[in-house]
Amino acid sequence: MGVSACVALFPLGGPFHTRWPRYNVVHVRESLRSFGPHVVALAPLAPGALTDPAWQDTDELALPHTVVPWARRAGVPVVEVGLAEPDRDDPGFPGAGAELRRYLEMYEEGRARLARVDAAWEPVRELLARPLDLAAVLNELLPAVERQQAVARELLGEGPGDEWRDARAAVVASRALAAARAASRDLADGVTVRLAVLAGLESAPALRRALGGSAAAASGVNVELVEPAQVDGGDEGRERALMDAAMAGSGEPESTLRALAEVAAPEARYLEANLLFELGRLDEATGRLQALVAGDFSEPYYLPGFALARLGQLLDLAGRREEAVRNYRGVMALSYAPAAAREAAAAGLGAPFSLPGRGA
């Protein structure tokens, strides 16, 4: 009997989720939850990536922040379906696009083509600057990305000119549909598999074409493509938007501090400390972080590394070098810490932290 799959493609905005209060990482998770997937396929990650904690350094913040933790708690299988560097199934050649660009820049006609390709990004950039929700991403942003890619394909050709976009998407789509076929074995006969595919903005248009066309035909899976639904993130979504704004340093600091004080999440204490640090209120910042690390601050994924690194810096500024070093070593001992936190801790172990314009 053939396999039928209801497939929803969820577009990921990478760091832009922190700028979109109506489509932040909480909204991504809630939209995914409302779809009720039997399996989740992650296009930004290559097979096996989740076995290494370093995968959390991905630019697609929604994956480590909300998507993968939710799927694991809910018992929903998560499958990495992206292409590695290098990957034996990758139909492209790494670096060929940059090499083509260097070649075209040598000639006047080539430079003119590149200028037209680059200009086609302007509508995309304008949209990215707006606080989009999921509907706007689906109905405005992705079509703008697709139009830009069509311009690049027309002016630069297929292959290096368009980064083998459709051929690469076909591989990713076939892996995702294979995951749907595997998931169907655990379902009763005749039950339609609900497959959620999460992909970055630049890969989403080609991946959608592949899921509804060639890859589906080749896989033998009967695909019904549906759009994910916009879902209200509730209080958690609003708190996430506040914390994103605090992390970006937008808004008036004192009012942001008052708002953060109403948020119970440990992450809010770290963000309070950062704001207090920026305001020069170092003792208060140190107190916030000491209280934070005395409790459970294991989530979200980035918090332990950044909190310990910042506390080490504050203790250095207070002349408490031994305590600072213990915190830096704590960062290095974590099974995972963001690369930036590890760099800050390594620098702190090498020399006491000091503010610009001050001595050590």
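Strand β2 (residues 39–42) pairs in the parallel sense with strand β4 (residues 193–200) over four bridges, where pairing requires that DSSP finds at least two bridges between two strands, and strands are DSSP runs of E with at least two residues, numbered from the N terminus. This is a predicted model, in which local features need pLDDT of at least 70 and side-chain atom pairs count only at pLDDT 80 or more, while totals for chains, interfaces and linings use all residues. Residues are numbered from 1 along each chain as its sequence is written, and side-chain values use heavy atoms, with hydrogens and water left out.

Turning to the helices (DSSP runs of H or I with at least four residues), the axes of α1 (residues 25–35) and α2 (residues 62–74) come within 9 Å and cross at roughly 25°, the axes being lines fitted to C-alpha atoms over the stretch in contact, with angles from 0 to 180 degrees between N-to-C directions. The two helices α1 and α2 are therefore roughly parallel to each other, a term for angles under 35 degrees.

Arg29 lies in helix α1 and is buried, with a relative accessible area of 7%; leaving aside residues up to four places away in sequence, Arg29 touches Thr66, Trp70 and Glu236, with contact meaning heavy atoms within 4.5 Å.

Notes:
Parallel < 35°, antiparallel > 145°, perpendicular 65-115°, else oblique. Buried < 20%, exposed > 50% of the residue type's maximum accessible area, 1.4 Å probe, protein only.
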